[in-house]
Amino acid sequence: MARQQILRAFKFALAPTQSQEAELRRHAGASRWAFNHALAAKTTAHASWRAQVAALVEAGTAEDVARKQIKIAVPRKPEVQTAWIAGRGDSRAGQDGACPWFHEVSTYCFQSAFQDADTAWKNWLDSLKGRRAGRRVGYPRFKKRGRSRDSFRIHHDVKRPGIRLATHRRLRILRLGEVRLHDSVKRLARLLARGEAVVQSVTVSRGGDRWYASVLCKVSADLPQRPTRRQAAAGVVGLDLGVTHLVALSQPADLGHGPVQLVNNPRHLAAAQVRLRRAQRALSRTQKGSARREKVKKRLSRLHEQLAVRRVGFLHQVTKRLATGFGVVAVEDLHVAGMTRSARGTVESPGRNVRQKAGLNRAILDTSPAELRRQLTYKTSWYGSTLAVLDRWFPSSKTCSACGRQNPRLTLADRVFTCVCGLTLNRDINAARNIAAHAVAVAAPVAETVAPDRGET
Ligand SMILES: [Zn+2]
């Protein structure tokens, strides 16, 4: 065991009063405004840089030279904030400006949104330059009301706490007063009382018609340094994210309902998915602007939220079982996972040949490899196991896991891997076995890990 500091999020469902809900919406609106304001400053600078480069190229300069010659700094949080303060106005003093109403909401809304715009910009740049693993990140988009998730973040410092636990059922949030909770905060309260947790920030967000508060804390915890005897004996488990299955394992594992090797989604998830599809069809039959359409829309957003919550909950259950049950959990490189997934298709645009096979389940199956990897990264460090990653160039699905020969003729439609050596095996299990056999352990993650929490860890 070793005492370590980890970042951990505790998420609670809020039960706000009507006036508190109006206040929550106002804060979320301000946060969206601030994000868009900061992003606009960046895109404007970027557009003028592009225009000047284009003008130079037009005049005969080589493009790579022109790109280096023109220097326009994209404003980041400090610059954005300074300009904002200078031009925001103040409705209390009758001063007009970009946002004279700023004093009606917590100032942290603006600061964290400016920060988020910096992060979105950096993610896009990193992805563009190949410094970021996983799915390609597109050019940052403006947040639209009704389309983007309503949320805002309030920073917490010891001198001016953004939140406080009033009772086990009430959270005091800066500017919002005491908000009642659906869940109990006992567990967090105990950690705070013992001085084992320190609050960093609170993120308030809306999902469907529910509001949530996610309290991010620095928690000191005793983390095991090595696997238990049982974990060590179980050895390595390889994971292949599938299309027809959520995930294929190299060896059977008990994920809560007895040993399985091809992991499917539990029945309650599939049922939620059926309800969602039914509501989607009902929506398409309604008239634009009708009262019925509004009603169906509301139900649809509730079902979406329900499905998202259950999906995340199930993924947590799976990753915890794997991290506690084995000494090593082996996965594909995120680059590969992202690439093969795009070839296999996503919910929005399923790849060819995939649609029929995935059928009803395909939306549920679209578990982001990045989320699975993120959960496994911190959970292996919590439970004394190790994460191993397969080299991105290793052809895991085309290699025979018994003899190592390659079968380049294998197509996506082939669900069974056959080899001249006599091996006949489910294609995804074969891939999972290769991943288990050839993945290389990655260095233990730094002490800081972020875990969303709804009692599942
Ligand atoms: Zn073989």
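Biologist: Hi! How many helices and strands are there in the protein chain?
Modeller: Hello! This is a predicted model, and its protein chain has 13 helices and 15 strands.

Biologist: Thanks. What share of the 457 residues is buried?
Modeller: Buried residues account for 30% of them.

Biologist: And the contacts, how many link residues 24 or more positions apart?
Modeller: Counting contacts with a separation of 6 or more, 67% are between residues 24 or more positions apart.

Biologist: Let's zoom in on helix 12. How many residues does it have, and how far does it reach?
Modeller: Helix 12 covers residues 369-383, which is 15 residues. From first C-alpha to last it reaches 21 Å, close to the 21 Å expected at 1.5 Å a residue.

Biologist: Why do you call helix 12 largely enclosed?
Modeller: Because twelve of its 15 residues are buried, the rest of the structure largely encloses it. Among the buried ones are P369, L372, R373, W382 and Y383.

Biologist: What happens just after helix 12?
Modeller: There you find G384, with a positive phi of about 80°.

Biologist: New topic: how do helix 3 and helix 4 cross?
Modeller: The axes of helix 3 (residues 77-87) and helix 4 (residues 107-128) come within 9 Å and cross at roughly 140°. That makes helix 3 oblique to helix 4, and the crossing is right-handed.

Biologist: Which residues meet there?
Modeller: On the helix 3 side they are K77, V80 and Q81, and they meet F114, Q115 and D118 of helix 4. The residues of this contact divide into two nonpolar, two polar and two charged.

How values were computed. Residues are numbered from 1 along each chain as its sequence is written. This is a predicted model: local features need pLDDT of at least 70, side-chain atom pairs count only at pLDDT 80 or more; totals for chains, interfaces and linings use all residues. Helices (H or I, at least four residues) and strands (E, at least two) are DSSP runs, numbered from the N terminus. The expected span of a helix is 1.5 Å times one less than its number of residues. A residue is buried if 20 or more other C-beta atoms lie within 10 Å of its own, exposed if 12 or fewer, and partly exposed in between; C-beta atoms are placed from the backbone. Two residues are in contact if their C-beta atoms, placed from the backbone, lie within 7 Å. Axes are lines fitted to C-alpha atoms, for helices over the stretch in contact, and angles run from 0 to 180 degrees between N-to-C directions. Angles under 35 degrees count as roughly parallel, over 145 as roughly antiparallel, 65 to 115 as roughly perpendicular and the rest as oblique. A crossing is left-handed if the near helix is turned anticlockwise from the far one by less than a right angle, and right-handed if clockwise. Ala, Val, Leu, Ile, Met, Phe, Trp, Tyr, Cys and Pro count as nonpolar, Asp, Glu, Lys and Arg as charged, and the others, Gly among them, as polar.
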